[in-house]
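Hi,

Here is the structure I promised to pass on. Have a look at it first, and then read my notes below.

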2 protein chains.
Amino acid sequence: MPHLDFWYEFASTYSYPAAMRIEAAAKQAGVAVAWRPFLLGPILKAQGLDNSPFEIFPIKGAYMWRDVERICEAQGLAFRRPDAFPQSGLLAARVALTAAVAPVRPAFSRKVYLAQFAEGRPIAEEETISAILTALKLDAEAILDDSRSQMVKERLRAETAEAMRVHLFGAPSFVTGKGEVFWGNDRLDAALAWAVQETQTERAGPTGATR
Amino acid sequence: MPHLDFWYEFASTYSYPAAMRIEAAAKQAGVAVAWRPFLLGPILKAQGLDNSPFEIFPIKGAYMWRDVERICEAQGLAFRRPDAFPQSGLLAARVALTAAVAPVRPAFSRKVYLAQFAEGRPIAEEETISAILTALKLDAEAILDDSRSQMVKERLRAETAEAMRVHLFGAPSFVTGKGEVFWGNDRLDAALAWAVQETQTERAGPTGATR
């Protein structure tokens, strides 16, 4: 089955519409998706950026807010610009990587994006995350405890290192089974098509069609 | 008739596929397009960037080359990564703004992009531009003379100032008749649809449908 890694950062505005539509789009395309939260901050820092590019370049930032607003409207998604930007995605990413949340990671992640970009809630605060976990009928206290463990912290560091290893520099990004990288919500459909195509090419073998 | 300003920089890789497809796409959508070359350098400089972001951030740059290669392949466009990047688009932009080239500005511009990104030729050199003008059956020598005039230099400065005034920060960008800005080759279709929609809304008047 064709495969796509969906790399997302909880603080990323464009990851929100991607997270809300990727499951339906992938199902239709017949592609299996792995949800992989990571931290963009360390990756930007390694490139000499100590803040969101949308803050460093305010003209680009102003455009981004308008663009995301349009995209959400076209997608039928609620959108409200949060008071604070960027928010830290650290807590949400660690919680997403706990063993208890793993089976519902997509649903958890969508709820975090909705809290942040539809309801204007602070996702760096335990209260917000706790309420989301409770709504998912999970043991919020036990999961928050686990999210502070060395093992979970290390897991997030390893995922972020892997994102850097495959040369990601923004979110959302999509990486096919064979390592083709696509950056940006607007590349989701191209990424899905590529993932399908590369599996078909593989199946066809050396005498089959090549791209 | 719905209107779209097509703002492009001759050095911009993503402007190449946009320039090659905008006329057919606009015709199909029923949108009139104004081709407006400008210089991105002074705009980036005002934001503290003294080179192409693709050079300042090499991981993003490497991705861009792969992405443009894929886009060109999907669009059936020849693509060859030029030896030098970014090239100066100054000469080409001035020539594009001369009175003699104005009536064939789209054809001239497409030839400059093909020379740069399909044939790997140096577009900052008069020889390359001269050959393109001659191929268009224009008086290359007279036009190059005119491109050095104060009037043409001032025209390009004014266009670049206008691009900055409407908050452009990258190329290609598309601006509708009512000032809605879209950035990036991948937003061309959304920009055309917006231009059509805003004209329909206007025609419907105050009792008509609103967006």
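How much area is buried between chain B and chain A? About 2,200 Å², and carbon and sulfur atoms give 57% of that. Buried area here is the accessible area (1.4 Å probe) that two parts lose on being put together, summed over both. In chain B, the residues that lose the most area to chain A are B:I59, B:Y63 and B:R187, together 26% of what that side buries.

Some housekeeping before the rest: this is a predicted model, where local features need pLDDT of at least 70 and side-chain atom pairs count only at pLDDT 80 or more, while totals for chains, interfaces and linings use all residues. Residues are numbered from 1 along each chain as its sequence is written, chains are lettered from A and ligands numbered from 1 in the order in which they are written, and side-chain values use heavy atoms, with hydrogens and water left out.

Now, who touches whom? Counting contact as heavy atoms within 4.5 Å, 22 residues of chain B meet 22 residues of chain A. There are 8 salt bridges between the two chains (a side-chain nitrogen of Lys or Arg within 4 Å of a carboxyl oxygen of Asp or Glu). One of the salt bridges joins A:E180 to B:R70, with the closest N and O atoms 2.9 Å apart.

On chain B's side, α4 (58–75) and β4 (181–183) are the elements that give two or more residues; helices (H or I, at least four residues) and strands (E, at least two) are DSSP runs, numbered from the N terminus. The largest share, 8 residues, comes from α4(B).

Chain B can be laid on chain A with an RMSD of 0.0 Å by a turn of 180° and a shift of 0.0 Å along the axis, superposing by least squares on the C-alpha atoms of residues with pLDDT of at least 70 in both. The two copies are therefore related as by a two-fold rotation axis. In chain B, the C-alpha nearest that axis belongs to B:D186, 3.7 Å away. Also, 100% of the interface residues of chain B are interface residues in chain A too, so the copies meet through the same surface.

Is A:R36 buried or exposed? Buried, at 19% relative accessible area (buried means under 20%, exposed over 50%, partly exposed in between, with a 1.4 Å probe and protein chains only).

Cheers
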